[in-house]
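The structure is shown first, and the description follows.

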Amino acid sequence: MRTALDIFDSELFKGPHPPLVLGWRDDQLAPVVELLDPLLPGCLPNKPGKVITPAMRRAIAACARSLVVEALTSGSWVRYSRHKDDYRIPKRYRRGDNYYSWHFVTHAMDVLKEAGLISHQDGFWEPGGGRQPVAHATPALRELLAPVIDVWEPRGEPHQAEFIVVRDREDKREIDYDDTDETNALRAEVEALNDALSRLHLYRLGKPFPIELMRRVFNGNTSLGGRCYCLGISFQNIWAKDRLDLRLLIDGAMRPVVEIDYANQHAVMAYAEAGLAIPPGDQYEIEGFDRVVVKRAFNVLLNATARHKAVAALIEDLHSKDDELWEHSGLATRHRAECRPYAEKIVSAIEDKHRPIAEFFGSDCGARFQRRDSDMAVRVMLRMIGRTGRCPMPVHDSFVVADIDQEAL
């Protein structure tokens, strides 16, 4: 049987590809530098006489370590930018990452590629990021570094990271903002949540499972978005079924976890905001369509600025971007000629089922709803800390807690 990594080695993972995240301390990079040194060229590729400095060696090690961690945990290819403008981010977001710069990242990837330690593909389209190259650790690089790194070890530098992040709505770049009473209060809340999360003793399959620092990410300004995302690999980006393998050590005993979510959250918000009774049953159940696809299409409709843009986004997801969505669609192929009528059909079915809230479709209300649900999530976590002394682990509209905290949650 082929493993996920075998599949990713033989065919390019169809995304969406996670971005390159560094943030390793120099002591975390030292054993990687030692193993990589004998395999590296004497000079930078296409730069005759430009020797590889000690700082560049650490940058190469940082990229290599991140690629290996991603390959061994999710199997994913990793995207990064070769455009200088993408590295000109506000100072508040650069703290704690000495090697995330255009100079270090692009040259490090070139060295790893020339040394045959990574697979590399140029110009793959990324949502909100244009066309960016993607890279993947080869089996040789994974085998070389696996003995000296713990893939679940948290990055050493993100303790300096900015907890309140604002991203441009179009290109998704991190943008600066003025600190206000609101942003300072939001930051204080996230700091309190991170402090509580750091006191949890989380395990998976008998091994410690680190909890990375969490940030609230807003879309364009602090009135939109604001969901909590952990840096790097975390309980948020493993499969839901795998989260049930997590255990919390409480008073000397390993406790199983449960995950509880808000059902039909944004659909409920739309009906409530319209002053209408919420229809009985599951709002994402439509005969003839898989629930996974209906839920995705419903939320795409809320986030789009026009109906035709929602249809186009669904076509793109089915055609090339989202394997899970396509698999649940039941389509025989990923050709646009088949994806287009399917996307039109499911959008029409949603509009028919939810005619009372038609005004919300194509209205770009999704990010506004996300701000509301993220505020709800923060309040749930803070109240749970007050009640149990333990912070729930958030997965946007769901929470993972020890079984003994289920009733309180």
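Helices (H or I, at least four residues) and strands (E, at least two) are DSSP runs, numbered from the N terminus. The model is predicted: local features need pLDDT of at least 70, side-chain atom pairs count only at pLDDT 80 or more, and totals for chains, interfaces and linings use all residues. Residues are numbered from 1 along each chain as its sequence is written, and side-chain values use heavy atoms, with hydrogens and water left out.

Arginine 131 belongs to strand E3 (residues 130-137). Burial is judged by relative accessible area: under 20% is buried, over 50% exposed, and in between partly exposed (1.4 Å probe, protein chains only). With a relative accessible area of 57%, arginine 131 is exposed.

Helix H12 (residues 336-353) has 18 residues and should span 26 Å at 1.5 Å a residue; its end C-alpha atoms are 25 Å apart, which agrees. The expected span is 1.5 Å times one less than the number of residues. The buried residues in H12 are Cys339, Tyr342, Ala343, Ile346, Val347, Ala349 and Ile350. They cover an arc of only 160° around the axis, so they lie on the same side of H12; the arc is that of the directions from the helix axis to the C-beta atoms. An α-helix has 3.6 residues a turn, so residues three or four places apart point the same way. Exposed Ala337 and Lys345 are on the face of H12 turned away from its buried side.

Rings of Phe, Tyr and Trp (its six-membered ring) pair if their centres lie within 6.5 Å; planes under 30 degrees apart count as stacked, over 60 as edge-to-face and the rest as tilted. This rule gives 7 aromatic pairs. Two of them are tabulated.

| Pair | Centre distance | Plane angle | Class |
|---|---|---|---|
| Tyrosine 284 and phenylalanine 298 | 5.5 Å | 65° | edge-to-face |
| Phenylalanine 298 and phenylalanine 361 | 5.5 Å | 90° | edge-to-face |

Tyr284, Phe298 and Phe361 form one aromatic cluster.
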